[in-house]
Amino acid sequence: MSLDLADLDGVDGAEILRRWKAEGLAPGFAGLIGFQVDAFEPGEARLVCPVSERHANLMAGVHGGVMAGLCDAATGCALLSQLGPDERFATTDLQIRYLKAAPVSIDRLVVEARIVHKGRRMAVAECLVMSGEDRIHARASASMMITPLRR
C-alpha cells in the first residue's frame with residue numbers, strides 16, 4: 001500500500017505525518033533516500049535513514065547531499081506537524097555545517113529537527129544529523145515560507 005498524495009486534501013500536517021509513519025516510507029523523495037518518519041510531536045520530528053552503499057560519496061562516506069536532503073526533510077516534517085489543513089510550506093533556505101564524516105559502514109543516521117520560530121508566514125528550524133547519541137555529523141538550520149493552500 002502506498003500513500004496517495006491526492007488523498008491529503010483537507011488533512012492537517014500532523015495527520016499527514018501519522019499516515020507517513022504508518023506506511024513506513026513517505027512517498028517521493030523519502031523513498032529515494034530511504035528515510036522513515038520515526039517520531040514527531042508539535043514542532044519536532046525525528047527521521048531515521050538506514051545507510052547503504054547507495055548513499056556513498058567518492059570517499060566512502062555518506063554524501064553531503066544525502067545529509068542536506070535529510071535535514072530539509074526533517075525540518076519540513078517538524079513544521080508540517082504544526083500546520084493546519086489549509087496550509088502548506090516551502091523551504092526558502094537551508095544552511096548546513098558538516099562536522100564529522102559519516103562512513104557508509106554505519107548502521108543508520110538519525111535526524112532530529114525542531115522549530116525555533118513560527119510566525120504566520122515564516123518558520124525557522126534547527127536540525128542535527130547523528131549516528132549515535134554522541135556522534136553529531138552535521139548541524140543545519142532552515143527557513144520555510146508558510147502559504148495558504150490554493151485550491
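This is a predicted model: local features need pLDDT of at least 70, side-chain atom pairs count only at pLDDT 80 or more; totals for chains, interfaces and linings use all residues.
**A walk through the sheet and its helices**

Who are its partners? Setting aside neighbours within four places in sequence, valine 110 is in contact with Arg46, Leu47, Val48, Leu128, Val129 and Met130. Proline 27 makes a handy landmark too: it sits 83 residues from valine 110 in sequence, and the two C-alpha atoms are 19 Å apart in space.

Now zoom out to the sheet. It is an open sheet of six strands, in the order β1-β2-β4-β5-β6-β3, and the pairing is antiparallel. At the edges you'll see β1 (36-41) and β3 (87-98), each of which pairs on one side only. Go from one strand to the next and the twist averages 20 degrees. As a bit of background, strands of a sheet pair through backbone hydrogen bonds, either parallel or antiparallel.

For a look at one pair, take strand β5 (residues 122-132) and strand β6 (residues 135-148), which run antiparallel to each other and share ten bridges. Here glycine 132 stands opposite arginine 135 in β6.

Next come the helices. Helix α1 (residues 13-23) packs on the sheet, where it touches β1 and β3, and its direction makes about 145 degrees with that of β1. Helix α3 (residues 64-80) lies across β1, β2 (44-50), β3, β4, β5 and β6, and runs at about 140 degrees to β3.

Stay with α1 for a moment. Which of its residues are buried? They are Gly13, Ala14, Ile16, Leu17 and Trp20. If you look down the axis of α1, these buried residues fall within an arc of 155 degrees, so they line one face of the helix. The buried residues of α1 pack against β1, α3 and β3.

Both ends of α1 are worth a glance. At the start, a side-chain oxygen of aspartate 12 reaches to within 3.3 Å of the backbone nitrogen of alanine 14. Just after the helix, glycine 24 takes a positive phi of about 100 degrees.

Another positive phi turns up at alanine 60, with a value near 65 degrees, and this residue is not a glycine. Alanine 60 is in the loop between β2 and α3. Is it buried or partly exposed? Alanine 60 is partly exposed, because its relative accessible area is 45%.

Last stop: the cysteines. How many disulfides are there? The count comes to zero. Cysteine 71 is in no disulfide, and the nearest cysteine sulfur, in cysteine 127, is 3.7 Å away; a disulfide would need the two sulfur atoms within 2.5 Å. Cysteine 71 counts as buried, since its relative accessibility is 0%. The sulfur of cysteine 77 also has cysteine 127 as its closest cysteine, but at 10 Å that is too far for a bond. Cysteine 77 is buried as well, with a relative accessible area of 4%.

Notes:
Residues are numbered from 1 along each chain as its sequence is written. Side-chain values use heavy atoms; hydrogens and water are left out. Contact means heavy atoms within 4.5 Å. Buried means under 20% relative accessible area, exposed over 50%, partly exposed in between (1.4 Å probe, protein chains only). Two strands pair if DSSP finds at least two bridges between them. Helices (H or I, at least four residues) and strands (E, at least two) are DSSP runs, numbered from the N terminus. Axes are lines fitted to C-alpha atoms, for helices over the stretch in contact, and angles run from 0 to 180 degrees between N-to-C directions. The arc is that of the directions from the helix axis to the C-beta atoms. A polar contact is a pair of N or O atoms within 3.5 Å; within protein, one must be able to donate a hydrogen and the other to accept it, and residues adjacent in sequence count only if both atoms are side-chain atoms.
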